Every structure is written in structure tokens, then in C-alpha cells.
Amino acid sequence: MEKKIIYLDHAATTPARPEVIEAMIPYLGEYYGNPSSIYELAGISKKAVAQARQTVAKALNCDSKEIYFTGGGSEADNWALKEAVQSYANRGRHIITSKIEHHAILHTCKYLEQKGYFVTYLNVDENGIINLKELQAAIRPDTILISIMFANNEIGTLQPIKEIGQIARRHQILFHTDAVQAFCQVPIDVEDLKIDLLSASGHKFNGPKGVGFLYIRNGLKLHSFIHGGGQERHRRAGTENVPGIVGLGKAVELAMADQEERMDRETKLRDYLLDRVLMEIPYTRINGHRRLRLPNNANFSFQFIEGEALLIMLDLKGICASTGSACSAGSVDPSHVLLAIGLPNDIARSSLRLTLGRETTKEEIDKTIDAIKEIVSKLRSMSSAYEDFVRWRGNRR
Ligand SMILES: *Cc1c(COP(=O)(O)O)cnc(C)c1O
């Protein structure tokens, strides 16, 4: 690519680190053995997969037997929900989730409703946090599963996972969390947080795409989602994505090595971005909780403009951002997350998500703020709603 881009869309995906790519290459080439075969060449692949599994388990404080590699975050979410409810159908047919989940959860819940399951979609407050009293009240004798995301992909809000885990355990209800945005970004201890099922995805933490995992707590009877061979302890068939799994393992190892420093650095940079934008651009709001959010997430609404237009003009300057989740890009509907936190349609549609990464610099943030300032005032000068507003404000003075 000619132009040097400023990449601020790490919630959509992240670049694989050079060390990750380097670790994967031998398993695309010379070490091509199928881990299920018995000769020495296959043993190399088998060992590499086992090592990656151990690295992941260590990061979550669980046993490596509790980690099952999948084809990404969406598959892990589908597996957790569809098979948890089937495996525990004798206990009931009721699921509790939230209104701000990723579509991998929400669309799976819609599918399960068609199959005769009942789903409660919890509200969130203005910051995007669920209400624990509402959760308690939603529990019925036939509730079998609670699925609440660890951190939101649009507004970065972190949920009270420990409290949810305690409530679920007390009622003997399974607790799944979609931790695709949170894993490697913030510390997660599945034992301490009483998590039964957890989904994650390699490409959200500088690993490769198309590979993720589901943590399944020991003792849970969760049926296989992909049927076939005996891979992944008979729970997920298909020849292992060895290079992908190796890359994922390397990415976890690297991310855990400097997690605290990275969180610190990104939080400071993010707060600098939030403060400056809020201070320097009028009629702007921050979406999501000011403190209880992912270190790398900033989400704004700029009144009187269309987020899509802002996005296109930022792209012309080589800045990659997002209006909401990438999955709904191209659709004109405002984000379900922004509507759930109570924003009116027009404010929801004026949103911009900037998500930082380990390679993001202060200089890039400064350039981005300058670009946003320029574009927002240009777009507002073309907006009749803004013109009307300025006239109205003038008359009141
Ligand atoms: C990206 C994402 C997913 C989907 O993961 P894939 O690996 O892209 O399938 C699921 N949930 C959340 C919160 C995400 O951000």
C-alpha cells in the first residue's frame, strides 16, 4: 500500500504480529503433518497444538483440557449457546442474555426462539451496563443459561462479570461469556469469575483469522457442535488448523507478557483522545462508560452529522475507523447497541468508533483528532439541521 494508513479499527480486527506470522510459517510448510497421524512428523504438529492449548489455559487460569479450538469467535458462540441448551434441555428452555450482544449471540438466540426456546433480553443503562437486580428478577425455574458479553465491541463497556458469575452459580445456571473483545485486553480468571463457558477469537488480539476457542469448564456435558473425527477430545471434529492454532498461541503468549503495560498505555492514550475530542468539538458525546470500558475503545456521537459520511471522509485521509460493528456496515439501521443505551436514531447514526492497538502512537491520535475536527465542521456547515439549530440558538440570545 502506498499511503501510510492510520488504523483505528482494532475492534474489527487486528494485524497479526510479525512474531505470530513467523511462528506460523513452519506449520504451513515443512511441518505439515496431521496431528492425528502417528509418525514423527505428525508428532511435531500435535506437540505444537498442545503447547498453544497450554498457553491459552494459563492465560485464563484453567486446565488445558478445558480449551477447545474452533474456527473463530462466531463458531464458539454458536457452539456454546446451541449445545448448552440442547445438553441441558431436561432442566428447561429459558435463556437470559442482553440487548447489546454481538450478532453471533443475538442471531443464535433468535434461531433458538424459533426452535422453541425462550429468551429474555436484558436492558442496559445509559452506559451499556446490565442491571443485576433485573438479571435476578429474570431468573425462572426453567432458566438454563445466562450469556452476557465480557466487553462490548461497539462501546467497550465492561459488564460486572464476577457478580453475574456468582448469581449464575448460586442458581446452578450455566454462565457463558462472549469474551472476544476482552480476552488478552484485560485480565480474565475463569475460576475467580465463575465462568462456565467463554468464547474468544485469534484475530482480535493480533493473532490469525479463522481460529478461536471455546473454554468449557470441566464436568460440563456439552455435546459436539461439529461432528466427525475424534479431534479436540471428541468435541470438535475436523483436522486441526495447526498454523492458526500455533499463531493464536503465540499471540496469547505475547499479549500476556506485557498486558499490564499495554493496558496502562492504551488507557492513557484513549483518555487523551476522549478528553480532547469532547473539549474541542462542540455538541459531542462519549458513548459507553467513562471508566468501565476496554482500554482501547473510544466511541463518540457528533450531533448533526452522519457517521457514514464522517467515515468516508476519514478514509480519504487514510484513517480507518468504524461507525458501529463492522458486521452491520453498509446497513442504514442505527446500531442496536446505541439504541439500547437510549440514544435517539439521529444521535446513534452520528457515531464514530475508534479502537486503538499496540502500534497506535500519540502522533496518530493527534492527526486523527485534527482530521475529525476539520471534517465534522465541514459536514455541519453542509447540514440544514445544524443551520436551523444555529439560527434558533442565535434568536434565543
Ligand atoms: C468479532 C467478534 C465476534 C466474532 O468473532 P469472529 O472470530 O470474527 O467470528 C464475536 N463476538 C464479539 C464481541 C466480537 O467482537
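Asn 61 is placed in the loop that runs between helix H2 (40–60) and strand S2 (67–70); helices (H or I, at least four residues) and strands (E, at least two) are DSSP runs, numbered from the N terminus. The model is predicted: local features need pLDDT of at least 70, side-chain atom pairs count only at pLDDT 80 or more, and totals for chains, interfaces and linings use all residues. Residues are numbered from 1 along each chain as its sequence is written, and side-chain values use heavy atoms, with hydrogens and water left out.

Although Asn 61 is not a glycine, its phi is positive, at about 60 degrees. Asn 61 is partly exposed, because its relative accessible area is 43% (buried means under 20%, exposed over 50%, partly exposed in between; 1.4 Å probe, protein chains only). Glu 232, in helix H7 (residues 231–234), also has a positive phi, near 50 degrees. Glu 232 counts as buried because its relative accessibility is 6%.

## The ligand site

Of the 13 residues around the ligand, those that come nearest are Ser 74, Asp 178, Gln 181, Ser 201 and Lys 204; a residue is near if one of its heavy atoms lies within 4 Å. Helix H3 (residues 73–87) supplies the largest share of this shell, three residues.

Polar contacts are pairs of N or O atoms within 3.5 Å. An oxygen atom of the ligand lies 2.6 Å from a side-chain N or O atom of Ser 201, and one lies 2.7 Å from a side-chain N or O atom of Ser 74. At Gly 73, a polar backbone atom is 2.8 Å from a ligand oxygen. The protein buries 87% of the 380 Å² that the ligand exposes when taken alone (Shrake-Rupley method, 1.4 Å probe).

## Nonpolar cores

A nonpolar core is a set of buried Ala, Val, Leu, Ile, Met, Phe, Trp, Tyr and Cys residues joined through side-chain atoms within 4.5 Å. The largest has 63 residues, of which Leu 60, Phe 183, Ile 188, Ile 195, Leu 198 and Phe 213 touch the most other members. Helix H8 (residues 242–257) gives the most to this core, eight residues. Another core, of 27 residues, lies apart from it and includes Leu 273 and Leu 356.

## Ser 383

Ser 383 sits in the loop between helix H13 (362–381) and helix H14 (384–396). Ser 383 counts as buried because its relative accessibility is 10%. A polar atom of the Ser 383 side chain lies 3.3 Å from the backbone nitrogen of Ala 385.

Methods: Polar contact = N/O pair within 3.5 Å; in protein donor to acceptor, adjacent residues only side chain to side chain.
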